[in-house]
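Open the structure in your viewer and keep the sequence panel beside it. The stops below say what to select and what to look for there.

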Amino acid sequence: MQTIVDYFTTIPSSHRSLILVGGITIFWLIESAVPLFANTYGKWKHAGINFFFTLTTIIVNFILAFILVRTSEWVVAADFGLLQWLNLPVWAVLVLGLPLLDLIGAYAAHWTEHRIPVLWRFHLIHHTDQHIDTTSANRHHPGESVIRFIFTTAAVLIVGAPIWLVFLYQSLSVVLSQFNHANIVVPKWINKVLSPVLVTPDMHRVHHHYRMPYTDTNFGNIFSFWDRIFGTYSEVDNTKLIYGVDTHMDLADHSDIGHMLKVPFVKRETLKYDTEEKL
Ligand SMILES: [Zn+2]
């Protein structure tokens, strides 16, 4: 346990990059072997656009990282936040802290982005992807990266998370997001074992269906139980899904970087969902 604490307290940036690149590589290889939807969409061109937005996500987080580190140092020094008040052993900090960081830093951030129109405008380009695969995980508008950063910092403050827990959470968050966006067939028994606790591709793909009500379900990133607890969980036969958002199905909305950067600032008559459809 102490090894985990020591490692993540001083994890080098190169290891963090390796986790990101390694995750994409592994899931990409599995996608080539057992894809759910056939790779007929030009995987490299599609990846190029998503890598651009992954890079902007990395840059935004790199620039702002010192705020996160300072916040974590402060909560420990000032004895502030849930974990600091409870004074728990390390294993309990992990078991309680990880789900809470995931709840505030990911579930609440994501849920809010779907509820508040101005935030939705920035989140939109994550949803305009019409071919969800592992490269879609970090396809975020730079504005959305800032929004998510604010939620993560708030999470560290409320939870009172030490820095090792923050870095461990972020590493897991990256890999889980790559996993749950991956265009792979997960054997039924593995899905059954994982899905009560973790967000699997079968669960997250439903969130990327192009029509309501599914777009507003399955907000979770690491832990699947938050959606079950807050009543936003849904299940659909994945082969029936069509990816995208029905208000933004034009080619430029999902494959023209310049246009996509401007999407949050373009006025549209219908911002959110034309039609509801029950699968
Ligand atoms: Zn979403």
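**Before selecting.** This is a predicted model, in which local features need pLDDT of at least 70 and side-chain atom pairs count only at pLDDT 80 or more, while totals for chains, interfaces and linings use all residues. Residues are numbered from 1 along each chain as its sequence is written.

**Whole chain.** Show the protein as a cartoon: there are 13 helices and zero strands. Helices (H or I, at least four residues) and strands (E, at least two) are DSSP runs, numbered from the N terminus. The radius of gyration is 18 Å, close to the 19 Å of the globule rule for 279 residues, so the protein is as compact as a globular protein of that length. The radius is taken over C-alpha atoms, and the rule is 2.2 Å times the number of residues to the power 0.38. Along the principal axes, the C-alpha atoms fill a box of roughly 50 × 45 × 35 Å.

**The core.** Select Val 156, Val 159, Ala 161, Leu 165 and Val 166, which have the most contacts inside the largest nonpolar core, a set of 45 residues. A nonpolar core joins buried Ala, Val, Leu, Ile, Met, Phe, Trp, Tyr and Cys residues through C-beta atoms within 7 Å. A residue is buried if 20 or more other C-beta atoms lie within 10 Å of its own, exposed if 12 or fewer, and partly exposed in between; C-beta atoms are placed from the backbone. Now centre on Ala 161: not counting residues up to four places away in sequence, its contacts (C-beta atoms within 7 Å) include Ser 72, Leu 83 and Gly 97.

**Helix H8.** Which helix gives the most to this core? H8 does, with nine residues; select 163-181 to see helix H8. Of its 19 residues, 14 are buried, so H8 is largely enclosed by the rest of the structure.

**Lys 45.** Finish in helix H3, where Lys 45 is found. Is Lys 45 buried or exposed? Lys 45 is exposed, with 9 other C-beta atoms within 10 Å.

Key:
Contact = placed C-beta atoms within 7 Å.
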